[in-house]
Amino acid sequence: MYSYSTIAWVASIGKGKLPDVDYSYKAHSTADGVFNFMLAMGEVAFSYAGHNVVLEIQATIPSTPEKPSKKAMWKGVIVAYLGVAFCYLPVAFIGYYIFGNSVDDNILITLDTPAWLIAAANMFVVVHVIGG
């Protein structure tokens, strides 16, 4: 996750800001806006994919009234979410600054060069998905 994200934002900076970048809203109707918003929320939820195992992890942590497991879990969840945000927010902000509303859902498609770097980033994703 970290390497893919770093490749995405560093390569975007390396490409430089495109001329005549358009930052306008893409939706042409209210329905488009609602659909785009729902799609974005789904993508955000997918990026924080570890939430489904949190309760099982918390169930395995010893808990007493003096030292409840929810305190340790809360700290862990905050650190994990900050780590994910640290990876994805630079990609979002830098990608939008460089490409505007012409950026694709997968920023590597927008970059399209150098091919070896994009292949390496995709391999990191494969390793992350298989290993995770």
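The model is predicted.

The protein chain contains six helices and zero strands. Read from the N terminus, its elements follow the order α-α-α-α-α-α. Of the contacts in the protein chain with a separation of 6 or more, 68% are accounted for by residues 24 or more positions apart. The protein chain has 132 residues, and 24% of these count as buried. Its accessible surface amounts to about 9,500 Å². Carbon and sulfur atoms contribute 71% of that surface.

Helix 1, spanning residues 2-15, packs with helix 6, spanning residues 115-131. The angle of this packing is about 155°, and the two axes lie 8 Å apart. Because angles over 145 degrees count as roughly antiparallel, helix 1 is roughly antiparallel to helix 6. The crossing of the two helices is left-handed. On the side of helix 1, the contact is made by Ser3, Tyr4, Ile7 and Ala11. Helix 6 contributes Leu117, Ala121, Phe124 and Val125. By residue class, the contact of helix 1 with helix 6 comprises seven nonpolar residues and one polar residue, with no charged residue.

Terms used:
Residues numbered from 1 in each chain as written. Predicted model: local features only at pLDDT ≥ 70, side-chain atom pairs only at ≥ 80, totals over all residues. Heavy atoms only, no water. Axes fitted to C-alpha atoms, helices over the stretch in contact; angles between N-to-C directions. Helix = DSSP H or I, 4+ residues; strand = E, 2+ residues; numbered from the N terminus. Parallel < 35°, antiparallel > 145°, perpendicular 65-115°, else oblique. Left-handed = near helix turned anticlockwise from the far one by under 90°. Contact = heavy atoms within 4.5 Å. Nonpolar A, V, L, I, M, F, W, Y, C, P; charged D, E, K, R; others polar. Buried < 20%, exposed > 50% of the residue type's maximum accessible area, 1.4 Å probe, protein only. Areas by Shrake-Rupley, 256 points an atom, 1.4 Å probe, with all protein chains shown as cover.
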